Amino acid sequence: MDWGNVTAEDLIEALREVDWSSPPRPLSEFFSRFTVPRSSAKWNSRLKCNLYYYRTNYFILIVLIVGLGFLRRPVAVLAAILTALSIAFLNDSFAGTFSEKVTRIVRQFSPHLAAKMRPPLTPVIRGRPSSKRTIHICGRPCWVFVFIFSSVSFILWYVSCGLLTVLWALAIALLATVLHASFRTPNLKARLNTFREEFRAVWRNYSEL
């Protein structure tokens, strides 16, 4: 795959729809080899390639760095967790997995309530499921949970006065992510055999349009 032809919008949409349940890459691979890109085009392609391939590692890195900034602010920690969940709910795979696990837990105590938490059936058009479907969490549209979690986290940020701290921690975490993605030499074997197929699977429906 020529990552130079993949736009930032395509990468963001792919990260939104791809499965994030895969385990992180080993540290021996994550810190294996670093080189300076030879041109801006090479840097652009390498950056997008590594951001997609090491997405789970970068997510853990950002969480750890931001978490270290809130060791003495428990309210800010809760606000950060709610903020992270509200962002994670924008990923279709995470939202669906989260809904299934919560529904499974509720079913153990109240099967009747769990039945109400099932998502509505996907509409069928001309014998095929509609591609324009709304992701549901516990029987409600995803945006409802995003709005609630974002609102509560905003209030907690205001109460804890930790917004400046999270901005500094987030800036450091993003800087570390960009630096690693810029200088980490892509693993060619993994790129050709693993995540290329994952990326194509995400965009298979779009190529058929």
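Colleague: Over residues 77–98, how much of the chain is helix, how much is strand, and how far apart are the end C-alpha atoms?
Modeller: Residues 77–98 are 86% helix and 0% strand, with 20 Å between the end C-alpha atoms. A helix is a DSSP run of H or I of at least four residues and a strand a run of E of at least two, both numbered from the N terminus. This is a predicted model, where local features need pLDDT of at least 70 and side-chain atom pairs count only at pLDDT 80 or more, whereas totals for chains, interfaces and linings use all residues. Residues are numbered from 1 along each chain as its sequence is written, and side-chain values use heavy atoms, with hydrogens and water left out.

Colleague: Where does UniProt place the feature "transmembrane region"?
Modeller: The unreviewed UniProt entry places it at residues 52–71, 77–98, 142–159 and 165–183. The positions follow the numbering used here, the feature names are shortened, and such annotations may be inferred rather than shown by experiment. In the model, residues 52–71 are 80% helix and 0% strand, and their end C-alpha atoms lie 30 Å apart.

Colleague: Why is F145 called buried?
Modeller: Its relative accessible area is 18%. Buried means under 20%, exposed means over 50%, and partly exposed is in between, with a 1.4 Å probe and protein chains only; F145 is therefore buried. F145 sits in helix α8 (residues 142–160). Beyond neighbours within four places in sequence, F145 is in contact (heavy atoms within 4.5 Å) with F89, I137, C138 and R140. The C-alpha atoms of F145 and S86 are 7.1 Å apart, although 59 residues separate them along the chain.

Colleague: What makes I135 count as buried?
Modeller: I135 has 13% relative accessibility, so it counts as buried. I135 belongs to the loop between β2 (128–129) and β3 (136–137). Not counting residues up to four places away, I135 touches D92, A95, R140, P141 and C142. I135 is also 9.4 Å from N91, C-alpha to C-alpha, with the two 44 residues apart in sequence.

Colleague: How do you know that S182 counts as buried, and what does its side chain reach?
Modeller: S182, in helix α9, has a relative accessibility of 5%, so it counts as buried. Its side chain reaches the backbone oxygen of V178 at 2.6 Å. Leaving aside neighbours within four places, S182 is in contact with T35, P37, W43, R46 and L47.

Colleague: Why is F34 called partly exposed?
Modeller: The relative accessible area of F34 is 40%, so F34 is partly exposed. F34 is in the loop between α2 (27–30) and α3 (40–53). Together with L27, F31, V36, L175, L179 and F183, F34 forms a nonpolar surface patch.

Colleague: Of the 209 residues, how many percent count as buried?
Modeller: In the protein chain, 33% do.

Notes: Patches are made of residues with over 30% relative accessible area and no salt bridge: like charges are joined within 9 Å, nonpolar side chains (Val, Leu, Ile, Met, Phe, Trp, Tyr) within 5 Å. Accessible areas come from the Shrake-Rupley method with a 1.4 Å probe; for residues, only the protein chains shown count as cover. A salt bridge is a side-chain nitrogen of Lys or Arg within 4 Å of a carboxyl oxygen of Asp or Glu. A polar contact is a pair of N or O atoms within 3.5 Å; within protein, one must be able to donate a hydrogen and the other to accept it, and residues adjacent in sequence count only if both atoms are side-chain atoms.
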